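Reader: Please present the structure, and then let us discuss its strands and its packing.

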Amino acid sequence: ICCAFARVNQGRGLPVVAAGCMDGSVKLAYCGMGMDAPKEGRKRLLKSELKDGNGIKHGKYVKTICWSPSEPILATASADGTVQLTSASNLDSEAATVSLEVVKSMHFDAAVESMCFVDNGNTLCCYVRGTSYLSYFDLKDDYKQTKMSLNGGSAGTGCFDEHVSFAVLSLIPSPNGEYIAAATDTSRNIIMKTGTEKIVRNLYGHKNDGFSNPKIAWSSSGQYLYGNSQDENCVCVWDIASASIVKNLDESTGGHDGFVRDIYSSCTSDTVASISFDKSAKIWLQAM
């Protein structure tokens, strides 16, 4: 259902990709290259066990997963309302094993639809279906929760509206971490100041409803946001400053002839990757 690559930064990360599955399990696979890669014929799927002998397992299917940008900690969230943070270490590519340890488990009243790490991995931001706010959990302060309204008002103030007319199905921080983009199921992408209730931009011009799968990605400069639309076979490109669509990556430019399923952008270049229900993957060089 979802996958995420661990960040490899100054030797603190792992060459591992994690995949969340329909049965609630999370599988880890080796994705390294070079001399330490598994020998020919050896499976890259890692035997990953917790101290109790079991792997990562939720009660229902996994909705979203993400790695910390600063250390090998994997956050996994499920339709059963649980979030688990797991530390990965002692990768042995020859034996195809990796050690896991649960760092924190949390449970909510509804499905956790989206999440991401912010503040260089010191904070986990989550959206729970049916809530009108983003929950920020401070990993350095015993996972203290701070709620920031998606309606533009802080929790505990008169302007905190508990009504919500949309769900946030994707959360992506900007390259510099200053902003966070939220893709909703009401044809609206929201740009917010990270850690606050301040809405900086509302992005429209596409279509995504409750039956869609909205996905977004930032350009490496933070100047543009890429997103899909359920009624067009394209990647929409918004200019954040003007809040307008300035380009469509579609069939006329060598794009997909089916709906776009997911989007990923490089953090160091203008390269964008998109995958589609047409069973193809496209790499866009210098997308903007």
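Author: Two strands pair if DSSP finds at least two bridges between them; strands are DSSP runs (E, at least two residues), numbered from the N terminus. This is a predicted model, in which local features need pLDDT of at least 70, side-chain atom pairs count only at pLDDT 80 or more, and totals for chains, interfaces and linings use all residues. Residues are numbered from 1 along each chain as its sequence is written, and side-chain values use heavy atoms, with hydrogens and water left out.

Reader: How many bridges join strand E2 to E3?

Author: Strand E2 covers residues 16–20 and runs antiparallel to E3. Within this pair, valine 17 stands opposite alanine 29 of E3. The number of bridges joining E2 to E3 is five.

Reader: In which order do the three strands form the open sheet?

Author: The edge strands, E1 (2–5) and E3 (26–30), each pair on one side only. The pairing in this open sheet is antiparallel, and the order is E1-E2-E3.

Reader: Which residues touch the most other members of the largest nonpolar core?

Author: A nonpolar core is a set of buried (under 20% relative accessible area, 1.4 Å probe, protein chains only) Ala, Val, Leu, Ile, Met, Phe, Trp, Tyr and Cys residues joined through side-chain atoms within 4.5 Å. E1, E2, E3, strand E5 (62–67) and strand E8 (97–107) each supply at least two residues of the largest one. Among its 20 residues, those touching the most other members are Leu28, Trp67 and Leu74.

Reader: How far apart in space are aspartate 92 and tyrosine 30, C-alpha to C-alpha?

Author: Aspartate 92 is found in strand E7 (residues 82–92). In sequence, aspartate 92 and tyrosine 30 are 62 residues apart. Their C-alpha to C-alpha separation in space is 9.4 Å.

Definitions and conventions:
Helix = DSSP H or I, 4+ residues; strand = E, 2+ residues; numbered from the N terminus. Buried < 20%, exposed > 50% of the residue type's maximum accessible area, 1.4 Å probe, protein only.
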